[in-house]
Amino acid sequence: MSIGLYDYQIEAVNKMKNGCILCGGVGSGKSRTALAYYYLQNDGDPACLAGEEDYIPMSDPPRDLYVITTPHKRDTCEWLGDMAPFLISTNKDCTPYSNKVVIDSWNNIKKYSNVYGAFFIFDEQRVVGKGPWVKAFLTPARTPQWIPMPAT
């Protein structure tokens with residue numbers, strides 16, 4: 001089994017750095033691209049992304065992963081489908097890794113304002129104004145760099 005990203009997704013991963021923002025159309029694979037970046041940041045093999053090699057595990061344990069998304073995407077478990085090719089799961093019985101994986105909604109972001117050393121993926125931008133979401137978001141986030149992705 002390999003991960004097999006599209007060329008434009010691999011190009012985006014290669015341009016990414018911590019704190020960047022992926023911008024792309026619906027269905028362009030932003031979630032999977034963000035997970036590929038997480039995979040590489042935890043000693044995953046770049047050859048697996050292009051489908052050139054079977055899956056090679058990350059170092060264990062990889063950093064804890066927090067995905068902050070909409071309540072709808074959290075409740076429909078959409079992210080679990082994107083995580084499957086990377087062998088990442090919120091269910092310890094479905095992953096070879098011992099790290100913590102949390103998928104939660106923007107409504108609960110304040111719960112994670114004291115989490116340090118983890119990898120955060122912020123899905124579906126909700127950071128506008130000066131309210132509690134913005135204040136909670138700014139604690140773990142840094143100045144972003146925009147990485148455009150083409151619409152499919």
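**Reading a parallel sheet and its loops**

Mentor: Start with strand 2. It is largely enclosed by the rest of the structure, because 5 of its 5 residues are buried.

Trainee: What does buried mean?

Mentor: Buried is under 20% relative accessible area, exposed is over 50%, and partly exposed lies in between; the probe is 1.4 Å and only protein chains count. One caution on the source: this is a predicted model, where local features need pLDDT of at least 70 and side-chain atom pairs count only at pLDDT 80 or more, while totals for chains, interfaces and linings use all residues. Residues are numbered from 1 along each chain as its sequence is written, and side-chain values use heavy atoms, with hydrogens and water left out.

Trainee: What counts as a helix or a strand?

Mentor: Both are DSSP runs, numbered from the N terminus: helices are H or I with at least four residues, strands are E with at least two. Strand 2 covers residues 65-69.

Trainee: Which residues of strand 2 lie on each side?

Mentor: L65, V67 and T69 are on one side, Y66 and I68 on the other. Every one of them is buried, which covers both faces. Strand 3 (residues 101-105) also has 5 of its 5 residues buried. There, V101, I103 and S105 take one side, and V102 and D104 the other.

Trainee: What holds strands of a sheet together?

Mentor: Strands of a sheet pair through backbone hydrogen bonds, either parallel or antiparallel. Here two strands count as paired if DSSP finds at least two bridges between them.

Trainee: In what order do the 3 strands of the open sheet come?

Mentor: The order is 3-2-4, with parallel pairing. Strand 3 and strand 4 are the edges, each pairing on one side only. Neighbouring strands are turned by 15° against each other on average, direction ignored. For such angles, axes are lines fitted to C-alpha atoms, for helices over the stretch in contact, and values run from 0 to 180 degrees between N-to-C directions.

Trainee: How many bridges join strand 2 to strand 4?

Mentor: There are 4, and strand 4 spans residues 119-122. L65 stands opposite F119, and Y66 has F120 as its bridge partner. Strand 2 and strand 3 pair over 5 bridges.

Trainee: Which strands does helix 2 lie across?

Mentor: Strand 2 and strand 4; helix 2 runs at about 170° to strand 4. Contact means heavy atoms within 4.5 Å.

Trainee: Now the backbone. Where is the cis peptide bond?

Mentor: It joins D60 and P61, with omega about 0°. P61 is in the loop between helix 3 (46-49) and strand 2.

Trainee: Which residue has a positive phi near 65°?

Mentor: D43, a residue other than glycine. D43 sits in the loop between helix 2 (30-41) and helix 3. D43 is exposed, at 58% relative accessible area. L87 also has a positive phi, near 60°. L87 lies in the loop between helix 5 (78-83) and strand 3. Its 29% relative accessibility makes L87 partly exposed.
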